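Hi everyone, thanks for coming. I'd like to walk you through one model today, helix by helix. Have a look at it first.

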Amino acid sequence: MSPLTINHLQEMDWKRFEELCHKYFQFKGYDSRLTGAGADGGVDVVLERSSPEGRPVKIYVQCKAWSNQKVGVKAVRELYGVMAGDQVPIGIFVTASDFTGDAKSFAKGKKLQLISGERLLSLISQLSVEQQKELVNSALAGDYTTPTCPKCGVRMVLRTVSKGKNTGDQFWGCRNFPSCCQKLHLKRSHAKEKVKDDFFHRFFDIPESRSANTAGFNSRNGAFKSSEAWAADSRASKSSRTKGYGRSLTKNKNKVFLVSIVFSVVLIAVLVKAVSLVFTWFGESTLDHATKVQQQAQRAYAEKSNTPPSKLEILPAQKPQTDPYDEQVRSLGQQATLAFERESSLERRKTKELEKVKEQAWVDWYKVPWGCDNWDSVKHMVGCVNHKSSEKERFDLLWAEGRINPSRG
């Protein structure tokens, strides 16, 4: 029995991942039920178990077979909102990847358990050998990487974008297109294979070689596609080649022409730069030569007149003359600037002091209702958050009208 790995989980179809979690919770003694395909309202598996007092306890489970990114706080908060709306006390979020720091901070202190891919493998390894074997066989049976359409419940087909700025990009599309337009992004394993020569294929519109996947064999997981999936892929490939062959030649010509233009522009820019450097060097050489000729002429004249050669006269740099009126104007401008900065500083100080008074007045004015006195409830309970928001709007209105006396704060 080959054990499950993190690569298996991250390459797994989302529906197969849900079935894996569903079967694991069954082995743990829960009454587990899948919610089914389509819109699940943020819940994929519903668990029920009796408490020590004999009362039934319901648990919501959300599953995300993500591999390209971590689960953020938004998804965790949505599950918590569904739990609060349905009055379900416990929630579990399972993913094939991991969770962000914000998501972990949000779940801390709540009856909300976060299970990453590594944690799920650790929990599965604690089952009995027979249960682990049954779980692995059901999870990796057949083609477990091709995703299922969330709407139709059928296997999706790998398609390639033929138009627009994303030409050449691949995605999973529903087999029932155009009646169903569901799309899914490629997972990390498929995206890596495409990056190898992505620019070369996209630029010259060269289709990927079919020899790498002969007869529908999936070299990544060692499984064969179904005959129905292979037939659908063949029809899609043939249709795209027939439609795009006439356009590919024109596109290639246009792109080669564009490359030649860019190359010509770069070559001209290099030549212009070289000519500019040559002229600059030539001008500096001419100036040096004229200076040497002048020095030689002065030496010859000095030898004839028996006087030492005089050095080249260099005019001293003239200092800019300043007008007393300009100095006066500059001084007044500086004084005005300093006065403006002092006034601005006083205004900012007054504004901060007024804000502190208002904040203190709000703290004294707002009365926390019964049931929301927990320090964390006003942040996460919908009723408490709404009550505080509406009271804050009412306080701001009364404050603007001057009907609240700050001295009470």
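**Helices and how they pack**

Let's start with a pair: α2 and α6 are roughly antiparallel to each other, a label for angles over 145 degrees, while under 35 counts as roughly parallel, 65 to 115 as roughly perpendicular and the rest as oblique. Their packing angle is about 165°, and the axes are 10 Å apart. Those axes are lines fitted to C-alpha atoms, for helices over the stretch in contact, and the angles run from 0 to 180 degrees between N-to-C directions.

Before I go on, some housekeeping. This is a predicted model, where local features need pLDDT of at least 70 and side-chain atom pairs count only at pLDDT 80 or more, though totals for chains, interfaces and linings use all residues. Residues are numbered from 1 along each chain as its sequence is written, and side-chain values use heavy atoms, with hydrogens and water left out.

The overall picture, then. You're looking at 12 helices and 10 strands in the protein chain; these are DSSP runs numbered from the N terminus, H or I with at least four residues for helices, E with at least two for strands. Of the 409 residues in the protein chain, 26% are buried. Buried means under 20% relative accessible area, exposed means over 50%, and partly exposed is in between, using a 1.4 Å probe and protein chains only. Taking contacts in the protein chain with a separation of 6 or more, 54% are between residues 24 or more positions apart, and a contact is heavy atoms within 4.5 Å.

Back to our pair. Which residues of α2 meet α6? They are Arg16, Leu20, Lys23, Tyr24 and Phe27, and across from them in α6 are Gln131, Glu134, Leu135, Ser138 and Ala139.

In α6 itself, the buried residues are Gln132, Leu135, Val136 and Ala139. They sit on the same side of α6, because they cover an arc of only 95° around the axis. That arc is taken from the directions from the helix axis to the C-beta atoms. For anyone who wants the reason behind such patterns: an α-helix has 3.6 residues a turn, so residues three or four places apart point the same way. The cover over the buried residues of α6 includes α2 and α5.

That brings in α5, residues 117–124, whose axis comes within 12 Å of that of α2, residues 14–27, with a crossing of roughly 40°. α2 and α5 are therefore oblique to each other, and this crossing is left-handed. On the α2 side you have Phe17, Leu20, Cys21 and Tyr24, meeting Leu120, Leu123 and Ile124 of α5.

Between α5 and α6 there's a loop, and Ser125 lies in it. Ser125 counts as partly exposed, at 46% relative accessibility.

Now α3, residues 73–86. Its 14 residues reach 20 Å from first C-alpha to last, close to the 20 Å expected at 1.5 Å a residue; that expected span is 1.5 Å times one less than the number of residues. Buried here are Ala75, Val76, Leu79 and Met83. They cover an arc of only 100°, which puts them on the same side of α3. They pack against β3, β4, α4 and β5. Turned away from that buried side are the exposed residues Lys74, Ala84 and Gly85.

What comes after α3? It's Gln87, with a positive phi near 55°, in a residue other than glycine. Gln87 lies in the loop between α3 and β4 and counts as exposed, at 72% relative accessibility.

Last stop, α12, residues 382–400: 19 residues reaching 27 Å, close to the 27 Å expected. Cys384, Glu391, Phe395, Leu398 and Trp399 are its buried residues. An arc of only 95° around the axis holds them, which puts them on the same side of α12. Val382, Glu393, Leu397 and Ala400 are exposed on the other side. Just after α12 you'll find Gly402, with a positive phi of about 75°.

Conventions. A crossing is left-handed if the near helix is turned anticlockwise from the far one by less than a right angle, and right-handed if clockwise.
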